[in-house]
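Take this structure one region at a time. Keep the sequence beside the view and follow the residues as they are named.

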Amino acid sequence: PDSAVWMNDLKSKNPECIHTQTVNAQSLYEACQDKQFHLTAYSGSALEAEYFGLQNIIVGAKGRKAYDAEISEQRYAYVEHAEELLAVLNHPFKSVPTQFPTTETIRETCTELFKR
């Protein structure tokens, strides 16, 4: 909601590239299937996007603060200007999807923690 005006302006200039309405109606799994990039200010959906192998592009001071480690490690791109956004879109980071713990590993960890 904080970025609605900006996103609508961006969509009006690039209607074939911005899919806010479609994506908001899909599950994250569906939304990530045919995409290459995920643009957000500071949404937790960046974690899912990374899991599915999308290039996260972070904008804004809140996003810079929230994802400072990921930006420093060059897992996520941070942009402030149109030229920086174009550079990332034209030359995305070469990355592989992050390997998150399996459900079984999470279950085992939780079980061990609750035994204490």
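**A charge over a ring**

Start at arginine 64. Its charged end sits over the ring of tyrosine 78, 5.1 Å from the ring centre. This is a predicted model.

Now step back to the whole chain. Its secondary structure comes to eight helices and three strands. Read along the sequence, the pattern is α-α-α-β-α-β-α-α-β-α-α. The C-alpha atoms fill a box of roughly 55 × 30 × 25 Å, taken along the principal axes. Of the 116 residues of the chain, 23% count as buried.

Next, the aromatic rings. How many aromatic pairs does a search of the whole structure find? The search finds two. One joins tyrosine 51 and phenylalanine 52. Their ring centres are 5.3 Å apart and their planes stand at 85°. Planes over 60 degrees apart count as edge-to-face, so this pair is edge-to-face. The other joins tyrosine 67 and tyrosine 76. Here the ring centres are 5.3 Å apart and the planes are at 55°, so the pair is tilted.

Are tyrosine 67 and tyrosine 76 buried or exposed? Both are buried. Tyrosine 51 counts as partly exposed, because its relative accessibility is 43%. Phenylalanine 52 is also partly exposed, with a relative accessible area of 28%. Buried means under 20% and exposed means over 50%, so both values fall in between.

Tyrosine 51 belongs to helix α4. Along the chain, tyrosine 51 and cysteine 32 are 19 residues apart. Their C-alpha atoms are separated by 9.6 Å.

Stay in α4, which covers residues 45–51, and find glutamate 50. Glutamate 50 has a relative accessible area of 8%, so it is buried. Which side chain does the side chain of glutamate 50 contact? The partner is the side chain of arginine 75, in a polar contact of 2.8 Å.

Now turn to glutamine 74. Glutamine 74 is in the loop between α6 (68–72) and β3 (76–79). Its phi is positive, about 60°, although the residue is not a glycine. Glutamine 74 counts as exposed because its relative accessibility is 57%.

Move on to strand β2. Asparagine 56 lies in this strand. At 0% relative accessibility, asparagine 56 counts as buried. Its side chain makes a polar contact of 2.7 Å with the side chain of histidine 38. Valine 59 is also found in β2. Valine 59 has a relative accessible area of 14%, so it is buried. Serine 43 and valine 59 are 16 residues apart along the chain, and 11 Å separates their C-alpha atoms.

Asparagine 56 also gives a reference point for helix α3. Alanine 31 has its place in that helix. Alanine 31 is 25 residues from asparagine 56 along the chain, and their C-alpha atoms are separated by 14 Å. Alanine 31 counts as buried, because its relative accessibility is 6%.

Last, look for empty space. Rolling a probe the size of a water molecule over the atoms shows where such space is left. The largest pocket holds about 1500 Å³. Its lining has 39 residues, and the closest to the pocket centre are Met7, Ile18, Thr20, Leu39 and Thr40. Which elements give two or more residues to this lining? They are the helices α1 (4–13), α2 (20–24), α3 (28–32) and α7 (82–90), with the strands β1 (37–40) and β2 (55–59). Helix α1 gives the largest share, five residues.

Look once more at the elements already visited.

Key:
Residues numbered from 1 in each chain as written. Predicted model: local features only at pLDDT ≥ 70, side-chain atom pairs only at ≥ 80, totals over all residues. Heavy atoms only, no water. Helix = DSSP H or I, 4+ residues; strand = E, 2+ residues; numbered from the N terminus. Buried < 20%, exposed > 50% of the residue type's maximum accessible area, 1.4 Å probe, protein only. Polar contact = N/O pair within 3.5 Å; in protein donor to acceptor, adjacent residues only side chain to side chain. 1 Å grid on protein atoms, 1.4 Å probe; cavity = no way out; pocket = protein on both sides within 12 Å on 5 of 7 lines; lining within 4 Å. Points joined across faces, edges and corners; volume = space filled by probe spheres on them. Phe/Tyr/Trp six-rings, centres within 6.5 Å; stacked < 30°, edge-to-face > 60°. Lys NZ or Arg CZ within 6 Å of the ring centre and 35° of its normal.
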